[in-house]
Structure formats: structure tokens, C-alpha cells
Amino acid sequence: MVQNAFEILWKHCSDVPLEKAKSYLFTVAYHNMIDHVRKVKRITLVDQFKEEDRVSEQKVHNARNVLEGALKRLSEVQRALIMLKDYEGYSYEEIGEIMNLNPSQVKVYLHRARTHLKEYLVRMDNVI
């Protein structure tokens, strides 16, 4: 936590006056500690699991086919957006430049494409 506080101070050194650096470090460290405590509270570790809670290790052989089928159901624009964002990792702005769309259109079209994929993939006959 201390190292993280110093890292944050380093990133914001131009914004923090020298005489306020000590109090800034304490404040950042305090907030990091609060975040850590909240995170640890949520996590409960269990040594033994009930038999019905265990996940069986069944390999899915048709996962690729199901995903390809789901992608084929999308329009060309939606498929291209999904591939550029989720597979290639481009930003919304970069995708907008590539596809001649503005970033808000990219977000809307991606949301719609992901909704269609979700609806298709969660049906029982298509469950991966």
C-alpha cells in the first residue's frame, strides 16, 4: 500500500505542492487501506465444497463452432466491430476511424451486437 501511495504521488507530482506531499501520501494510503479492507471482507475462502457445488470438468468440443455460428448471425458491421474491439483490442476512437463511424455509434452498435450474441449463446440448445 505504501509503494502504491508513492506511485500515485509520483504520477501526480506536478499537481501536489511540496508542502502538502506528506498529507497527500497519508490520504492516499488511508484510502488504499479502506479499499483493501472492503475487498477482503467480500472474499470468503472455503476449504471444502459441497458435492453439488463442484463444477464437472467436461470439455466442450463444439465451442468454436457455436461461437462461429453466433458471429455469422450478426451483420457485417456488427461482426467487424466485435472483432476489432474484443479480438484486436482497438479503442472506440480507432474503430470509428476504421469503420467511418463516430465513437458513440461504435458503442451503440457494439452494445447491440453483444446483446444479439448473448441472446444466441445463452439459449439452451446453444449453451457452450
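Start with α3, which gives the most to the lining of the largest pocket, with 5 residues. This is a predicted model, in which local features need pLDDT of at least 70 and side-chain atom pairs count only at pLDDT 80 or more, while totals for chains, interfaces and linings use all residues. Residues are numbered from 1 along each chain as its sequence is written, and side-chain values use heavy atoms, with hydrogens and water left out. Helices are DSSP runs of H or I with at least four residues, numbered from the N terminus.

**Stop 1: the pocket.** Select R64, L67, E68, A70, L71, I82, M83, D86, Y87, L117 and L121, which line the largest pocket. A pocket is an open set of points on a 1 Å grid over the protein atoms alone, where a 1.4 Å probe fits, with protein on both sides within 12 Å along at least five of seven lines; lining residues have an atom within 4 Å of a point. The space inside is about 250 Å³, the volume being that filled by probe spheres set on the points. Two or more lining residues come from each of α3, α4 (76-87) and α6. By class, the lining has 8 nonpolar, no polar and 3 charged residues (Ala, Val, Leu, Ile, Met, Phe, Trp, Tyr, Cys and Pro count as nonpolar, Asp, Glu, Lys and Arg as charged, and the others, Gly among them, as polar).

**Stop 2: α3 and α6.** Show residues 63-72 (α3) with 103-121 (α6): the helices pack at about 135°, axes 10 Å apart. Axes are lines fitted to C-alpha atoms over the stretch in contact, and angles run from 0 to 180 degrees between N-to-C directions. The pair is therefore oblique (under 35 degrees is roughly parallel, over 145 roughly antiparallel, 65 to 115 roughly perpendicular, the rest oblique). In contact (heavy atoms within 4.5 Å) are V66, L67, G69, A70 and L71 of α3 with L117, Y120 and L121 of α6. These comprise 7 nonpolar, 1 polar and no charged residues.

**Stop 3: α4 and α6.** Here the angle is about 100° and the axes lie 9 Å apart, so α4 is roughly perpendicular to α6. Select V77, Q78, L81, I82, K85 and D86 of α4, then V106, Y109, L110, R112, A113, R114, H116 and L117 of α6. This contact has 8 nonpolar, 2 polar and 4 charged residues.

**Stop 4: α4 and α5.** V77, A80, L81, L84 and K85 of α4 meet Y92, I95, I98 and M99 of α5, a set of 8 nonpolar, no polar and 1 charged.
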